[in-house]
Amino acid sequence: MGAMQLDKKINTKVRSSPRALAALIVDSVCHHQQQLDDALYELFSLNPDEKLKPIIHELAYGTVRWYLQLQWITAQLLDKPIRKKDRVIQALMLVGLYELRFMGTASHASVNETVAAAAILNKPWSKNLVNACLRQYTRSEQDFNTKIASDIVLQQSHPQWLIGSIKKAWPDHWQTILKANNSRPPMGLRVNNKLTDRASYISQLNEVKIENSPMSISAHGILVPKPVPVTKLPGFEAGLVTVQDGAAQLAAKLLDLKTGQNILDACCAPGGKLAHILETIPDNANVTGLDISRDRLNRVKENLLRLHLDCRLVQADVSNIENNDEHAAWQEIFYDRILLDAPCSATGVVRRHPDIKHHRQPQDVAKVAVLQAQILNSLWPLLASGGKLVYATCSVLPVENDEQIDKFLQTHADASVLPPHNMFTGLAFATKEAAVLKEAVIQKSFGCQILPGSLNMDGFYYACLKKNT
């Protein structure tokens, strides 16, 4: 559902109903395969009432987060499936069930407002159906809870294949990971140290009464336990701060940046890590950012402009560099540092993007692992002798992480890996930061894994490869 289609569905009445608007978002994500963030961005760009945005966000995100569980309940309540052309009503029922189960709204108020939203969505015939199903749920809630508690798929609202993959990879941690995936993440901030410092920015947050605490693993990081719109962040438009999870803030430090280096961010969009590199680099460093998507590069430009940063940006397919313009200037450089924030299954950031549970399929993991290997092989010739390549994913699956690095080392005699127990020693990490990280991460054979929720961070994997001289 594109912006124009969404615009056509939002009349004056719909605009005033957060449940109707949330249903349109859920329908777009679950029935039309749109990404949740994109759907919300499109909706909010149509300027609904500012006061309604928080509840729309809560209803949409919560419904998608618990989709499998809510969908099962809906199936038990319906005598027959809802017709394809009316699936927005099914989405509305999911929204209503989410509100009843997780938001603590008085049941009569929630049911009445959800029924009213059915008429607002121009489906007046469905009012009796929605009313009957939701009221039946309220009468039978305990029975539903008993059945849900006995089924791990329903209980955790994760597809069976994903539960199986996580359980196989992390037999001692899988339940913790699933629980973290269903949690509401805090907002991570990174202050732009070229314009301010953390202590000063924390003072600004305190002045506007935004609860916060300094991150223990980053001198520039701040945790905001109750996320707020970026428009509420002091100095956001002036470039004082970027929204970035703590785990993502480790990338620039692991690169161990030095004066005069040539630095490449090989998959740079949307630009958070690239901006951190530019905020961190010593004088006379030369930075290039690549991405395959022109639209995504435009977003990177916008982000860098806001932060008062600049570097060379190039559209390129890094999975097959030989097919790019052989005379491109960026290809004629040997890079001292390369950051490869590789495309991945994103199974470590499900708590931020719950639609991953709905959109991702088992075959996608194998496909992305092949792409990761192609990119690694393609980039390696660009790394200078003695240079470092930091490989990162926001995945918790070994096939994309340690197994990927293992295969690469077996086929590249000139490559070695920084031992995981030394990854956070020295470099740009303060002693206290390194000590905290060593306790929080899980050391694997070739890299370090951060599990979702550890120190309030997203799930991330890092490995540091060096080209031997």
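This note comments on one strand and on several aromatic contacts in a predicted model.

1. Basis. Residues are numbered from 1 along each chain as its sequence is written, and side-chain values use heavy atoms, without hydrogens and water. Because the model is predicted, local features need pLDDT of at least 70 and side-chain atom pairs count only at pLDDT 80 or more, while totals for chains, interfaces and linings use all residues.

2. Strand S1. Strands (E, at least two residues) and helices (H or I, at least four) are DSSP runs, numbered from the N terminus. In S1 (residues 187-191), 5 of 5 residues are buried (under 20% relative accessible area; exposed is over 50%, partly exposed in between; 1.4 Å probe, protein chains only). Met-187, Leu-189 and Val-191 cover one side, Gly-188 and Arg-190 the other.

3. Partners of S1. Strands pair if DSSP finds at least two bridges between them. S1 runs antiparallel to S3 (residues 221-224), with 4 bridges, and antiparallel to S4 (residues 241-243), with 3 bridges. Arg-190 stands opposite Gly-221 in S3 and has Thr-242 as its bridge partner in S4.

4. Aromatic pairs. The structure holds 7 aromatic pairs (ring centres of Phe, Tyr and Trp, the latter by its six-membered ring, within 6.5 Å; planes under 30 degrees apart are stacked, over 60 edge-to-face, the rest tilted). Trp-72 and Phe-144 form an edge-to-face pair, 6.0 Å centre to centre with 90 degrees between the planes. Trp-72 lies in helix H6 and Phe-144 in helix H9, so the pair ties together parts 72 residues apart in sequence. Trp-72 is partly exposed at 22%, whereas Phe-144 is buried at 8%.
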